[in-house]
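Look over the chain before reading on.

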Amino acid sequence: MSLYTAFIRVIESHIVPLAGRIGNQRHISAIRDGFISAMPFLLIGSIMLIVANPPFDSQTSSSFGQAWLSFAKTHWDTITMPYFMTMGLMSIFVSVGTAYSLAKSYGLDGLTSALLSLMAFLLAAAPQIENKIALDFLGGAGVFTALICAIWSVELTRLLKKYNITIRMPAQVPPAIARSFELLYPVTGILLTVYPISLLLQSEFNLLIPAAVMQIFQPLISVGDTLPAIMLAVLIANLLWFAGIHGANIVTVLLSPIFMANIATNATLMAQGAAATQILTDPYWSFYICLGGSGSTLALAILYLRSRSIHLRTIGKLSAVPAIFNINEPLLFGSPIVMNPTLLIPLLVVPLVNAVLSYSTLHLDLVHKMVAISPWTTPAPFGAMLSAAWDYRAAVLAIVLMIIDLFIWYPFFKVYEKQLINEEHKQQEETISTRVET
């Protein structure tokens with residue numbers, strides 16, 4: 001048995017079933033939906049933060065730059081208010097969205113479950129102090145607590161309903177009122193579980209639940225922001241893609257809490273006038289590692305456009321434009337790259353090279369780290385520059401990585417192209433021979 005055959009068997013017998021179970025697991029799916037539901041708010045908040053921080057030095061000679069700086073300084077509070085009401089409340093949106101999705105997967109009422117999750121999260125993260133609600137953990141710092149509260153509130157509701165611990169109203173009672181009474185026991189359950197823990201931590205350790213949770217997850221966040229961890233995540237994602245499974249969906253869902261915590265940290269530092277510190281963020285993954293989609297295949301789509309193979313040239317025409325917007329399923333399945341041994345090595349190596357080079361560049365502060373979220377479908381150079389608060393060097397880095405990707409993909413592309421050309425010639429000869437015989 002060849003090494004490649006053994007490798008494929010390991011993937012099919014171990015990796016594919018595990019990845020399938022993870023991808024279909026209801027809690028993982030709910031977390032993914034929770035972050036997706038929060039994304040529009042975070043995008044708006046990111047844009048407002050960038051508007052409040054013009055990409056000009058105070059000594060700039062540009063009249064436009066001076067006007068922008070003056071406007072941002074004069075109206076700072078007004079401009080940044082949407083940022084604080086979106087990015088600053090990130091965990092609230094995540095908690096509500098996650099609970100709603102998880103509740104719907106169980107057949108529970110989504111709205112009441114989302115409200116219950118919100119109550120649990122606010123009890124844990126925003127106690128009233130001197131008639132004011134603390135906001136410190138409503139942003140990225142509270143995202144792990146938000147997920148825990150969302151899952152716990154829905155699971156508590158499900159267990160109570162499973163064992164018929166509920167208040168049942170007569171059939172004549174309107175459904176909305178009946179649902180309100182059914183929620184009384186879950187609300188009481190949250191009050192008797194989350195609130196006492198919050199009070200205990202505050203009185204004994206002077207900590208809120210999110211602070212304690214962050215201390216628990218801090219090693220995970222710290223390790224996750226290291227190059228070896230990033231490379232491992234990239235490798236797993238693309239191995240899954242090779243097997244035909246959307247690896248990025250699985251890996252990025254698991255990384256999403258770290259993505260959000262890191263981008264919130266960087267945005268907060270920027271709002272305070274300090275330098276960003278975290279590297280692993282959603283824009284970093286989208287605009288440096290996955291140029292053109294998983295496997296960083298934008299360069300390959302460009303090569304396909306000039307291919308001598310009819311098949312590859314056709315795929316190039318179909319996939320080049322989507323690849324510019326980081327959508328590459330037509331290329332992955334049309335080439336195909338999936339289960340294609342000829343293209344396996346660059347599928348794994350290219351994004352790893354991008355990860356190493358981009359991480360090193362950001363770690364050395366040669367390019368600003370990401371402080372804002374841009375839609376993942378934004379073309380990479382512009383998306384990188386926007387997410388790095390207008391740092392043009394981010395766009396330059398994305399372009400340099402594309403060029404490097406082109407050189408890595410090229411020899412494997414030529415080998416695969418030769419294989420397909422030979423097959424196409426053989427098919428043409430067989431077609432001509434068949435016509436002659438008939």
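Thr-297 touches Leu-291, Gly-292, Asn-328, Leu-331, Ile-337 and Trp-409, leaving aside residues up to four places away in sequence. This is a predicted model. One of these neighbours also takes part in a polar contact: the side chain of Thr-297 meets the side chain of Asn-328 at 2.9 Å. Thr-297 sits in the loop between helix H13 (282-289) and helix H14 (298-305). Its relative accessibility is 0%, so Thr-297 counts as buried, the cut-off being under 20%.

The UniProt record, an unreviewed entry, places the feature "transmembrane region" at eight spans, written as residues 34-52, 83-103, 110-129, 141-160, 181-201, 239-264, 284-305 and 392-413. In the model, residues 34-52 are 100% helix and 0% strand. The end C-alpha atoms of that span are 27 Å apart. Residues 239-264 are 85% helix and 0% strand, with end C-alpha atoms 30 Å apart.

**Backbone in the loops**

The peptide bond from Ser-335 to Pro-336 is cis, with omega near -10 degrees. Pro-336 is in the loop between helix H16 (329-334) and helix H17 (341-363).

Asp-365 lies in the loop between H17 and helix H18 (380-387). Ala-389 lies in the loop between H18 and helix H19 (392-437). Are these residues buried or exposed? Asp-365 has 53% relative accessibility and so counts as exposed. Ala-389, at 15%, counts as buried.

**Aromatic rings**

The whole structure holds ten aromatic pairs. Two of them are tabulated here.

| Pair | Centre to centre | Angle between planes | Geometry |
|---|---|---|---|
| Trp-241 and Phe-333 | 5.8 Å | 65 degrees | edge-to-face |
| Tyr-284 and Tyr-288 | 5.9 Å | 75 degrees | edge-to-face |

The pair of Trp-241 and Phe-333 links distant parts of the chain. Trp-241 is in helix H11 (residues 227-242) and Phe-333 is in helix H16, 92 residues apart. Trp-241 is buried, with a relative accessible area of 2%. Phe-333 is partly exposed, at 45%.

Tyr-284 and Tyr-288 both lie in helix H13. They are four residues apart, about one turn of the helix. Tyr-284 and Tyr-288 are both buried.

Elsewhere, ring pairs join Phe-64, Trp-68 and Trp-390 into a cluster. Arg-158 lies over the face of Tyr-106, at 4.9 Å from the ring centre.

Methods
Residues are numbered from 1 along each chain as its sequence is written. This is a predicted model: local features need pLDDT of at least 70, side-chain atom pairs count only at pLDDT 80 or more; totals for chains, interfaces and linings use all residues. Side-chain values use heavy atoms; hydrogens and water are left out. UniProt positions are given in the numbering used here, feature names are shortened, and annotations may be inferred rather than shown by experiment. Helices (H or I, at least four residues) and strands (E, at least two) are DSSP runs, numbered from the N terminus. Buried means under 20% relative accessible area, exposed over 50%, partly exposed in between (1.4 Å probe, protein chains only). A polar contact is a pair of N or O atoms within 3.5 Å; within protein, one must be able to donate a hydrogen and the other to accept it, and residues adjacent in sequence count only if both atoms are side-chain atoms. Contact means heavy atoms within 4.5 Å. Rings of Phe, Tyr and Trp (its six-membered ring) pair if their centres lie within 6.5 Å; planes under 30 degrees apart count as stacked, over 60 as edge-to-face and the rest as tilted. A charge sits over a ring if NZ of Lys or CZ of Arg is within 6 Å of the ring centre and within 35 degrees of the ring normal.
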